[in-house]
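Let us walk through this structure step by step.

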Amino acid sequence: MKKIVVPGDFLTDERKKLGSNVYLKENKVYSSVLGILSESNDYVSVIPLNGPYVPQIGDAVIGIIKLEMSNGYIIDINMALDCFFPKSLLKKSLQVGDVIFARIKEISDFIDLENINLLPKGRIIDVPSVKIPRIIGKNDSMLNILKKNTASNVVVGKNGWIWYFSKSPLVLEKAIDLIVKNSQKSNLTNFIDDYLKKQIKRK
Amino acid sequence: MSEEKRHDGRKPNDLRPIEIKLGVNKNADGSCLLTWGKNVVLATVHGPKQMFPKHLSNPSKAVIDYKYRMACISTPERKSPVPGKRDKEISLVSGNALESAIMVEQFPNTVIEINTLIFTADAGTRVAALTAASLAAADAGLPMKGLISSVAGGRSNKQLVLDLDKQEEDAPDAVDLACAMLMPQKEIALLQMDGFVDIKETKEILKNTVKGIETVYDMQKKALIEKYPLEGEINE
Amino acid sequence: MSNDNETMNLLAAQKVKESLKSSKRLDNRDFNDFREITIEKGVISSADGSAKVKLGDTEVIVGVKINVGEPYPDSPDEGSMMFNLELSAISGPDFYTGPPSLESVEYGRVADRAIRSSECIDMKKLSIISGEKMYMIFIDCYVTNADGNLIDAATIAGMAALLDAKIPKIDENNKIIYGEYTDQKLPIDMKKIPVSVSFENIDGQTLLDPTAGEEFAGDTRFSVAVCDKNIISFQKGKTGTLSLDQINEMCEIAISKYDQIKKKICDLK
């Protein structure tokens with residue numbers, strides 16, 4: 001049975017491994033966000049339903065070149081802090097507005113990126129970063145359904161930005177919107193599969 | 001204490017009707033439209049985002065920039081659009097109250113902008129705005145130790161009452177006590193009072209206000225949970 | 001917020017906390033004692049009333065100016081009062097000169113509420129012609145040396161300056177004749193003198209009349225204004241939280257301090 005919890009809700013006083021979005025006070029575990037409780041015999045965490053992107057080392061993110069400086073680029077990755085990437089580490093030069101796919105290498109006062117790849121012309125949509133796991137699905141199941149049914153190329157950034165190139169962009173966007181709005185419900189993967197098949201056939 | 005009915009038919013410890021709508025503002029990261037009796041307030045949360053000018057940011061935590069604002073059209077006589085000392089003070093103490101709930105240390109060097117706008121005012125606007133702002137912050141998915149719930153209590157025409165409206169607040173013996181608590185921990189996060197009461201009545205008003213806060217907290221929780229129905233059709 | 005004096009303040013706060021571990025304040029005061037208070041009246045000759053208050057190392061100067069103006073529409077036969085507090089670079093290294101900071105606005109308004117809700121000034125007696133002319137009292141507070149608990153210092157100084165003030169002479173057009181005074185004092189009820197008592201909460205311990213160092217160490221301020229056995233206003237300040245029991249206890253302590261501080265204010269010659 002799924003359960004929605006709000007910030008401050010008491011979750012357990014058993015000794016369990018603490019996952020994300022929970023906090024410990026006087027040996028009791030509480031939720032720190034509005035989200036879905038995820039609890040097993042030895043583990044407790046809360047899956048948030050909304051929230052800002054919190055970067056982690058190794059995250060694959062999508063970025064947009066924001067500014068060109070004499071020695072490098074300022075890259076926006078959908079969060080409060082911008083990244084700087086030096087020109088000396090790039091083979092080709094980039095332009096303001098270019099979209100890249102990269103990995104987070106280090107987080108300090110700045111964010112360091114590595115494995116920067118320039119993405120071709122396409123579109124970007126912005127979703128809450130906490131919904132990204134649902135858009136990818138277990139073993140990429142949801143993502144594969146989205147790609148296959150709409151004949152699209154989709155690259156998902158952990159930071160909540162999704163790059164895509166599609167023959168039916170409106171159907172794809174609508175499907176992603178449905179996932180975002182109903183992420184707390186079960187059986188979403190089957191529903192989206194049926195939904196996309198219907199929409200594409202109608203065309 | 002007499003159980004006399006109030007001018008609008010409420011019992012002494014009744015709150016005015018409260019209605020909560022979440023996620024009403026598409027551009028914001030979190031938002032709440034709250035109707036509290038005749039008060040109408042919109043609260044939005046943006047951020048954490050970069051702070052300008054940069055020297056105002058804090059390397060150990062996010063800065064909470066809370067704005068309490070009354071629309072020019074919110075009062076019988078047009079209110080000047082220039083924020084006065086009252087607005088500034090309320091903004092500061094309300095922002096402080098929210099900072100005790102939001103885990104600001106997770107977002108160093110950034111600012112979390114929390115804006116509240118009162119469309120119509122009928123006393124108790126600061127507690128309505130703060131209650132809405134706390135909901136907007138939870139709606140934005142910000143990590144919080146709990147929710148901030150807020151109510152005003154006091155005295156009007158020799159009667160100790162909860163949630164005074166403007167007519168009651170204008171009584172010659174009126175006492176107005178605004179209180180907000182970090183819930184469910186029940187820690188007092190905002191407390192302001194002016195009036196003229198002995199200590200016994202002060203304690204009584206405080207006790208009643210805490211009870212009112214618990215009611216508001218239950219409503220806030222219910223609204224947040226109901227935003228995400230687990231069962232039912234997948235909505236297109 | 002970051003400022004140049006941050007490291008020094010951090011060290012001061014550490015010292016306070018260290019000492020509190022053995023339940024001692026750095027100046028050896030009891031937890032519920034005020035620092036030494038000295039009040040001097042008539043320190044500013046250009047003001048209609050003034051006072052300088054020292055509360056330990058905190059120093060404030062308050063001047064009262066009385067003007068003639070039009071009454072507010074909702075109180076046509078009453079005078080008015082306004083309290084303003086200014087923090088500037090003069091106050092100490094933690095403050096800047098410029099537009100009023102949020103904290104100075106808060107301090108000023110808390111002191112304003114203490115004086116206003118005591119109803120010690122008979123506003124009706126300040127009316128000159130009902131609906132047309134009245135006396136406006138402006139109370140301006142300058143913090144000349146900030147070492148904590150500015151609210152209490154400002155409230156004491158404000159009251160002392162009000163008691164010192166003389167009403168200026170007015171001409172037949174109800175204009176102030178500057179520099180000439182009537183022998184009338186402001187209509188202040190000595191039985192209603194307000195007293196403000198502030199506390200700082202540091203890790204669960206509440207200290208009355210905190211120094212700047214103690215304020216840096218704590219995260220919650222609580223100010224209660226009392227009048228005899230009555231509570232007339234209070235305000236929780238800063239980002240920390242308090243329990244209901246702590247509030248009730250601090251209200252009781254504040255009432256027990258009333259006579260001591262009131263005597264200081266009223267005994268002035």
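Predicted model: local features only at pLDDT ≥ 70, side-chain atom pairs only at ≥ 80, totals over all residues.

Start inside chain A. Helix 3 of chain A covers residues 169-181, and helix 4 of chain A covers residues 188-202. Their axes come within 11 Å and cross at roughly 160°. The two helices of chain A, helix 3 and helix 4, are therefore roughly antiparallel to each other. The crossing of helix 3 of chain A past helix 4 of chain A is right-handed.

Which residues meet here? From helix 3 of chain A come Val171(A), Lys174(A), Ala175(A), Leu178(A) and Ile179(A). Helix 4 of chain A answers with residues including Leu188(A), Phe191(A), Tyr195(A) and Gln199(A). Sorted by class, this contact of helix 3 with helix 4 of chain A has 10 nonpolar, 1 polar and 1 charged residues.

Stay in chain A for a salt bridge. The side chains of Asp82(A) and Lys66(A) form one, at 2.8 Å from N to O. This pair links distant parts of the chain, 16 residues apart. Asp82(A) sits in the loop between strand 9 (72-76) and strand 10 (83-86) of chain A, while Lys66(A) lies in strand 8 (residues 60-68) of chain A. Over all chains, a search of the whole structure finds 45 salt bridges.

Now look between chains. There are 2 pairs of chains in contact, and chains B and C share the most contacts. Chain A and chain C are joined by no contact. Their closest C-alpha atoms lie 15 Å apart.

Take chain A and chain B. The contact uses 33 residues from chain A and 34 residues from chain B. The area buried between chain A and chain B is about 2700 Å², with carbon and sulfur atoms giving 62% of it. On the chain A side, Leu34(A), Ala80(A) and Lys185(A) lose the most area to chain B, together 20% of what that side buries. Across this interface of chain A and chain B there are 2 salt bridges. Asp9(A) and Lys221(B) meet in a salt bridge through their side chains, at 3.0 Å from N to O.

About 3100 Å² is buried between chain C and chain B, and carbon and sulfur atoms give 61% of that. How many salt bridges cross the interface of chain C and chain B? The count is 3. Lys203(B) forms a salt bridge with Glu252(C), their closest N and O atoms being 2.5 Å apart.

Definitions and conventions: Residues numbered from 1 in each chain as written. Chains lettered and ligands numbered in written order. Heavy atoms only, no water. Contact = heavy atoms within 4.5 Å. Axes fitted to C-alpha atoms, helices over the stretch in contact; angles between N-to-C directions. Helix = DSSP H or I, 4+ residues; strand = E, 2+ residues; numbered from the N terminus. Parallel < 35°, antiparallel > 145°, perpendicular 65-115°, else oblique. Left-handed = near helix turned anticlockwise from the far one by under 90°. Nonpolar A, V, L, I, M, F, W, Y, C, P; charged D, E, K, R; others polar. Buried area = accessible area lost by both parts, 1.4 Å probe. Salt bridge = Lys/Arg side-chain N within 4 Å of Asp/Glu carboxyl O.
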